[in-house]
Amino acid sequence: MNKKVQIVIIGGGPAGLAAALAAKKNGVNDILILERDNILGGILNQCIHNGFGLHTFKEELTGPEYAGRYIDMVLEEKIPYKLDTMVIDINKDKEVTYINKEDGLQTIQAEAVILAMGCRERPRGALNIPGYRPAGIYTAGTAQRLMNIEGHMVGRKVVILGSGDIGLIMARRMTLEGAKVEVVAELMPYSGGLKRNIVQCLDDYGIPLKLSHTVIGIEGKDHVEGITIAEVDANRKPIPGTEEHYEADTLLLSCGLIPENELTKGIGAGMNPVTNGPLVNDKLETDADGVFACGNVLHVHDLVDYVSEEATLAGANAAAYVLGGAGKEGRRVKITCDNGVRYTVPQTLDITNMNDKVVVRFRVADVYKDRSICVYYDDEKVSSVKKRVLAPGEMEQVILKKESFDKYPDVTNIRICTEE
């Protein structure tokens with residue numbers, strides 16, 4: 001054991017930076033950020049489009065500008081960080097083992113750990129697409145990095161599978177660079193991206209979005225030469241006779257994001273099978289004592305502003321834990337979901353020691369129109385908010401106020417659902 005640090009933060013993206021600043025603001029000076037890339041800022045460095053920061057900074061910024069604001073604040077606070085550093089293990093005793101060129105293999109004893117590793121893209125191998133394995137197939141994020149950071153044009157005739165936000169943004173990006181985006185095919189009957197991205201990235205450029213469609217064939221042995229898509233039925237199986245062929249030299253995959261949680265599982269933290277992230281309480285603390293999680297490693301967000309807000313909470317709570325101000329465990333109540341709500345974050349709430357208000361974020365399972373988001377304390381409905389449209393691509397939230405439990409001191413379950 002080489003060193004002791006009060007709070008170790010795994011990841012120097014928007015979540016890790018915001019968590020570090022919050023921990024410092026709340027009285028902890030001994031902080032270390034470990035980042036595997038050669039710069040701070042995470043995925044935002046390759047997101048050169050605008051639309052970031054409207055909630056956090058009340059102005060519209062590009063991804064690098066948003067990251068730059070947080071990097072500047074971290075440098076101003078003189079919070080230590082290590083780049084090109086890969087964390088390879090965290091154990092239950094909060095011993096963090098990492099490796100880099102300068103230090104070699106090192107182990108740090110942390111008093112608290114904040115997980116902020118972000119997420120990765122679902123690769124082709126997980127999609128079972130038939131055909132050869134030619135050059136010209138990229139995940140949307142890889143193509144984004146190659147174009148925006150490394151300056152490589154990845155293709156000229158493009159088909160995109162999946163309508164996640166990165167795929168939608170890359171449809172516009174490639175069009176602006178002179179490529180022809182033939183079609184965006186989406187397996188589900190709804191888009192996985194934000195409505196504003198569908199409008200600004202597809203509709204504005206006349207790029208067709210075909211829902212309930214998937215790729216059934218990739219032609220070309222050395223390089224992609226053509227892509228065949230087909231409509232799918234209710235069981236997501238291709239419908240014979242609906243095939244459409246496109247001449248293409250590039251296939252981009254935007255088929256979902258997976259939280260980077262190998263380290264989390266190694267600690268023994270409980271995992272949520274829906275989000276693929278850890279189970280957390282209202283302090284964003286996992287089942288592993290003193291280990292907190294925030295950002296896309298916890299659940300995939302739609303707005304980076306929400307990542308920063310969540311990470312600020314995790315950083316403040318980690319600081320309270322380290323300084324001994326977390327308090328004794330109070331009465332913990334489960335937060336459950338059903339009837340169209342897929343999951344909630346957090347999954348439990350300490351109604352004795354909770355903050356004045358707790359934000360519960362969630363996503364719905366399908367596109368719903370004219371439904372209400374309802375909150376029940378046991379069997380009693382305590383709130384209902386009418387929504388014109390609910391969609392899986394848009395994160396929703398409800399706010400639970402501490403004072404609301406004054407009337408329900410014996411509540412055993414909080415349930416969030418949709419109702420017609």
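The model is predicted, so local features are given only where pLDDT is at least 70 and side-chain atom pairs only at pLDDT 80 or more, while totals for chains, interfaces and linings use all residues. Residues are numbered from 1 along each chain as its sequence is written, and side-chain values use heavy atoms, with hydrogens and water left out.

**The sheet**

Please select strands E10, E17, E11, E12 and E13, which form an open sheet in that order with parallel pairing. Strands (E, at least two residues) and helices (H or I, at least four residues) are DSSP runs numbered from the N terminus; two strands pair if DSSP finds at least two bridges between them. Strand E10 (137-139) and strand E13 (209-211) stand at the edges; each has a single partner strand, so one side of each is left without a neighbour in the sheet. From one strand to the next, the twist averages 20°. Next, display E10 together with strand E17 (residues 250-253): three bridges join these parallel strands.

Now select helix H4 (residues 165-176) and helix H5 (residues 195-202), which pack at an angle of about 20° with their axes 8 Å apart. H4 is therefore roughly parallel to H5, a term for angles under 35 degrees. Axes are lines fitted to C-alpha atoms, for helices over the stretch in contact, and angles run from 0 to 180 degrees between N-to-C directions.

Show the side chains at the contact (heavy atoms within 4.5 Å): Asp165, Leu168, Ile169, Ala171 and Arg172 of H4 meet Asn197, Ile198, Gln200, Cys201 and Leu202 of H5. These residues divide into six nonpolar, two polar and two charged.

**Two loop residues**

Move to Gly53, in the loop between strand E3 (50-52) and strand E4 (61-62). Is Gly53 buried or exposed? With a relative accessible area of 0%, Gly53 is buried (under 20% relative accessible area, with exposed over 50% and partly exposed in between; 1.4 Å probe, protein chains only). Leaving aside residues up to four places away in sequence, Gly53 touches Lys58, Glu59, Tyr66 and Asp305.

Finally, select Ser212, in the loop between E13 and strand E14 (213-219). Ser212 counts as buried at 18% relative accessibility. With residues up to four places away in sequence not counted, the contacts of Ser212 are Glu186, Leu187, Met188, Pro189, Ala230, Glu231 and Val232.

Terms used. Parallel < 35°, antiparallel > 145°, perpendicular 65-115°, else oblique. Nonpolar A, V, L, I, M, F, W, Y, C, P; charged D, E, K, R; others polar.
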